[in-house]
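Hi,

Here is the structure I promised to pass on. Have a look at it first, and then read my notes below.

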Amino acid sequence: MKLIHVTINNQKKQIKESVSLQGIIQDFDLPSAGTVFTVNNQIVPKGHWDNTSLNEGDVISLFQAIAGG
């Protein structure tokens, strides 16, 4: 199994080469409700998380909606 390096919210991580964005969310126990994920500054719609492949050097960011008033 080959490992690749990605950055998740400014933290370098090693992941399995064939893992999807959904796999990363599960493996690192990242919140998914009310969350938007970007890969290399491109928003990935929730319906595409499972088939979005990650590559060496990808930068993943997550943004959570915050209720205000």
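In which sense do strand S1 and strand S2 pair, and over how many bridges? Strand S1 (residues 3-8) and strand S2 (residues 11-16) are antiparallel, with six bridges between them. Pairing here needs at least two bridges found by DSSP between two strands. Leu 3, for instance, stands opposite Lys 16 in S2. The two strands make a hairpin with two residues between them, and Asn 9 in the turn has a positive phi of about 50°.

Before going on, a word on what you are looking at: this is a predicted model, where local features need pLDDT of at least 70 and side-chain atom pairs count only at pLDDT 80 or more, while totals for chains, interfaces and linings use all residues. Residues are numbered from 1 along each chain as its sequence is written, and side-chain values use heavy atoms, leaving out hydrogens and water.

**The chain as a whole**

The chain has one helix and five strands, in the order β-β-α-β-β-β along the sequence. Its radius of gyration is 12 Å, close to the 11 Å that the globule rule gives for 69 residues, so the chain is as compact as a globular protein of that length. (That radius is taken over C-alpha atoms, and the rule is 2.2 Å times the number of residues to the power 0.38. Helices, H or I with at least four residues, and strands, E with at least two, are DSSP runs numbered from the N terminus.) The C-alpha trace spans about 45 × 25 × 20 Å along its principal axes.

Of the 69 residues, 35% count as buried; that means under 20% relative accessible area, with exposed being over 50% and partly exposed in between (1.4 Å probe, protein chains only). As for contacts (heavy atoms within 4.5 Å), residues 24 or more positions apart account for 49% of those with a separation of 6 or more.

**S1 meets S5**

S1 also pairs with S5: the two run parallel and are joined by two bridges. Ile 8 has Ile 60 in S5 as its bridge partner. Ser 61 is in strand S5 too, and is buried, with a relative accessible area of 19%. Beyond its neighbours within four places in sequence, Ser 61 touches Asn 9, Val 36, Phe 37 and Thr 38.

**An aromatic pair**

How many aromatic pairs are there? The count comes to one. Phe 37 and Trp 49 sit edge-to-face, 5.0 Å centre to centre with 85° between the planes. (Rings of Phe, Tyr and Trp, the last by its six-membered ring, pair if their centres lie within 6.5 Å; planes under 30 degrees apart are stacked, over 60 edge-to-face and the rest tilted.) Phe 37 lies in strand S3 and Trp 49 in the loop between strand S4 (42-44) and strand S5 (59-64), so the pair ties together parts twelve residues apart in sequence. Phe 37 is buried at 0% relative accessibility, and Trp 49 is buried at 1%.

**Thr 35**

Thr 35 belongs to strand S3 (residues 35-39) and is buried, with a relative accessible area of 10%. Leaving out neighbours within four places in sequence, Thr 35 is in contact with Trp 49, Leu 62, Phe 63 and Gln 64.

Cheers
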